[in-house]
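Here is a short briefing on one protein model. Please keep the sequence and the 3D view open while reading.

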Amino acid sequence: MSTNFKYLGSTFPGDDAVRKVTGDLVYGSDMKLPNMLYAAMLLSPVARGIIRSINTAGAEKLPGVIKVFSCLNTPGTKFNRYVHVHGAHEGPEDETLFAKEVRFTGDRVAAVVATSLVIAREAVARIDVEYEKLPPLLTTEESLNNREVKIHPAGNLIHTYNFNLGEETSPAGDCITIETETRTQLSHHAAIEPHLCLAEYDSAGKLTVWTPTQSVFGVRKLLADFFGLSCSKVRVIKIPMGGSFGGKQEFIIEPLTAYMAMETGRPVKLQLTRQECIIATNARTATKTKIRTAVAKSGELRNFTVDSTLDAGAYAGNSIDYSHAMSKVVNKLYRIPYYQHTGRVVYTNKIVTGGARGWGSPEIITATEIHMDQAAKALKMDPVEFRLKNLVHPHDLDPATNISLGDARIIECLERGAGAFNWPTRYNRSLNRGRYRRGAGVACGAHKNGMYGGAPDFSSMILKMNEDGSLILTATLHDVGCGAATAMKIIAAEVLGIDPELITVTQTDTENTPYDPGCYSSRTTYIAGACVLETAGKLKDRLLENAASILQKPKACLEAKNGYVHIKGDGQRSLSYREIAGTTILKNLKELSVTNTYNAISNPGSYSVQFAGVEVDTCTGLTKVTDFLAVCDVGRAINRGMVEGQFQGAVQMGIGYALCEEVQVNEKGTPVNNSFKKYNLVNAPDMPDVKVLLIEHAGDDGPFGAKSVGEIAAVPTAAAVVNAVNNALGTALSDLPLTPEKILSALSGAKLDD
């Protein structure tokens, strides 16, 4: 691996780090426009019911109330909150601004716009609604089995699919069959920043929306379609984001906020409370996955059949695409002669589910990796040895897409990680029968790098050199807080030999930055980064052309580095970038600028292998993760500290997913832990020391070989923790999260292995 980089692979602070720590960065909650109004929502307190009457008189009498909105005075136009690119597959349009028939606790019933937030919330409390309460359907089993109750007119089954690869073989005598069932839970994204939106509709008919979204052009498409406006009349500006983890991929409150601004003729801001974020936005879906494999006694997989049920909640959102994504992950990780994945997507009277970090990969990989451990156990084989017999190799073809998996280094990740974690010794120990029992677990994960092979994927940018040699990069980068803008600056700086601090990245704005699908599918580093690399290369070429004209030397005799263009072999004659840019403007009457579009040409796999050490208290059922190792095939680390930080944060989320995080719903369909006081998160004092081992190489098409890490970092974590708990206790737990109650129940009914 070459280390001849000036900036690449070092650690740089985030582009807005100083502004964040000083409090200077303006988030949506800080924004205020002249004559702005404040909105508050009334949410349904029942999980299923029909609205018989809405009395808003008490709210309307309150001084400062401008208008009250409900299904009585708003259009019943239906929409789907999941839109990201024109022409892409979308789910059914089943949602309206306000419900006439409420379908979950948290459904939108009414909203008040007032001159202050205090007044708006007080007015909401004065709205009187009469509901005809109906029994809710709270599980996918109830929804599928109840043929009389339809959550939506088309029925409770949204979608089914059957995905097959290869040819099934009859298990021979040298095979054994393993079956497992894994359940993953409804969980909250827990971003620090709540959901919010600010909208303004001016007298010229121009709608402007400020939102911390992952796709400004997706928001624009939805709003233009919903209101019948041309795209030129809708401007969407992404504002700094205080976390998303996929929770701001869909457009939940943007249509409502825009409508209220259009109706009142004044700017309107809607900002949700923490309780509203938990119950009324979206959550990671709950799934039930059954896996049945035929495995040769020597350890090779033969047949791999999966059956998944996905709980979409009250509205379809992205659930169809999400379910299909789940079916196309396992073949990126393992060589499987025959793979079948059947599945269904089901409505329930619960929180709507949507995009979450990993986009289905954590759900299916958790089920797969728990199953792989059980298969290894049945074969009396070490889990690492078993996986090594079946993992994909570099440049294997992904049978689901017929696209190369690229320079896939998953085997190297597993082998090097096992050595660094001291796996054989830690796993193959005698079970401790004392109160505190220690275990070690491993899990492998796979994800993708963009949408190539499924949808068109490209990125467009403008890179301009100012007259002083500094640069402005105009790009639609949906930085969700992980330093995407900084990574782009490092790439351009490396190509041009210029300090990253001399590069400015503009803010994302549908009116001023080029079209881009958004922050989906781990595409930012791999696709946008490749675009920066190519664009900077073209600007460098143009810089050399202009320098050649000024110096009266052939371009081939010149080289650019460290902010200067030198004549090769002549240490005396050179021009600074400032001199070249200034001369180009003054004498050639043009600026140094490149407009470029990069089209994706590949979609390799991203890989991570993670190892967890745990200690389980058999008296309380509490589990502590004692240490953790995350190994990743990163290709190339652009900003090393940021990459490592991505894994540390992802591990924290994954441990919570494995052990404690769950939005719990009672028998009435009401979430009972709708605050951070009751919703259990893994906090800093609970965290182990997370070591990160990066496998670097330059074998793929990303910038300098880099691949994206934001989602793959979170994919195998939960499974590694669950497998470690099962290793400690000799159990086969697979119902997440592994709460103390579930662990104690398993211990009371299980006879531990020797």
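The points below cover the overall fold, the aromatic pairs, the charges over rings and the salt bridges.

This is a predicted model. The protein has 19 helices and 28 strands. Its radius of gyration is 27 Å, close to the 27 Å that the globule rule gives for 754 residues, so the protein is as compact as a globular protein of that length. A search of the whole structure finds 40 salt bridges, and the structure also holds 15 aromatic pairs.

**Overall fold**

- The C-alpha atoms fill a box of roughly 85 × 75 × 50 Å along the principal axes.
- Of the 754 residues, 62% are buried.
- Take the contacts with a separation of 6 or more: 80% of them join residues 24 or more positions apart.
- The accessible surface of the protein is about 28,300 Å². Carbon and sulfur atoms account for 49% of that surface.

**Aromatic pairs**

- A pair of aromatic rings is described by the distance of the centres and the angle of the planes.
- The structure holds 15 such pairs. One of them joins Phe227 and Tyr259, with 6.5 Å centre to centre and 10° between the planes.
- That pair counts as stacked, because planes under 30 degrees apart fall in that class.
- Phe227 lies in helix α5 (residues 216-227) and Tyr259 lies in helix α6 (residues 254-264), so the pair ties together parts that are 32 residues apart in sequence.
- Both Phe227 and Tyr259 are buried.
- Phe227 and Tyr259 also belong to one aromatic cluster, together with Phe69, Phe79 and Phe226.

**Charges over rings**

- Arg284 places its charged end over the ring of Tyr657, at 5.3 Å from the ring centre.
- Arg426 lies over the face of Phe421. Here the distance to the ring centre is 4.1 Å.

- Asp307 and Arg344 form a salt bridge, with 2.7 Å between the closest N and O atoms.
- Asp307 has a relative accessibility of 22%, so it counts as partly exposed.
- Asp373 and Arg387 form a salt bridge, with their closest N and O atoms 2.9 Å apart.
- Asp373 lies in helix α10 (residues 361-378) and Arg387 lies in helix α11 (residues 383-388), so this pair ties together parts that are 14 residues apart in sequence.
- Asp373 counts as buried because its relative accessibility is 8%. Arg387 counts as buried at 0%.

**A further salt bridge and a network**

- Lys707 and Asp700 form a salt bridge, and their closest N and O atoms are 3.6 Å apart.
- Are these two residues buried or exposed? Lys707 is buried, at 2% relative accessibility. Asp700 is buried, with a relative accessible area of 11%.
- Elsewhere, salt bridges that share partners join five residues into one network: Glu141, Glu181, Arg183, Lys288 and Lys290.

Technical notes
Residues numbered from 1 in each chain as written. Predicted model: local features only at pLDDT ≥ 70, side-chain atom pairs only at ≥ 80, totals over all residues. Heavy atoms only, no water. Phe/Tyr/Trp six-rings, centres within 6.5 Å; stacked < 30°, edge-to-face > 60°. Helix = DSSP H or I, 4+ residues; strand = E, 2+ residues; numbered from the N terminus. Buried < 20%, exposed > 50% of the residue type's maximum accessible area, 1.4 Å probe, protein only. Lys NZ or Arg CZ within 6 Å of the ring centre and 35° of its normal. Rg over C-alpha atoms; globule rule 2.2 N^0.38 Å. Contact = heavy atoms within 4.5 Å. Areas by Shrake-Rupley, 256 points an atom, 1.4 Å probe, with all protein chains shown as cover. Salt bridge = Lys/Arg side-chain N within 4 Å of Asp/Glu carboxyl O.
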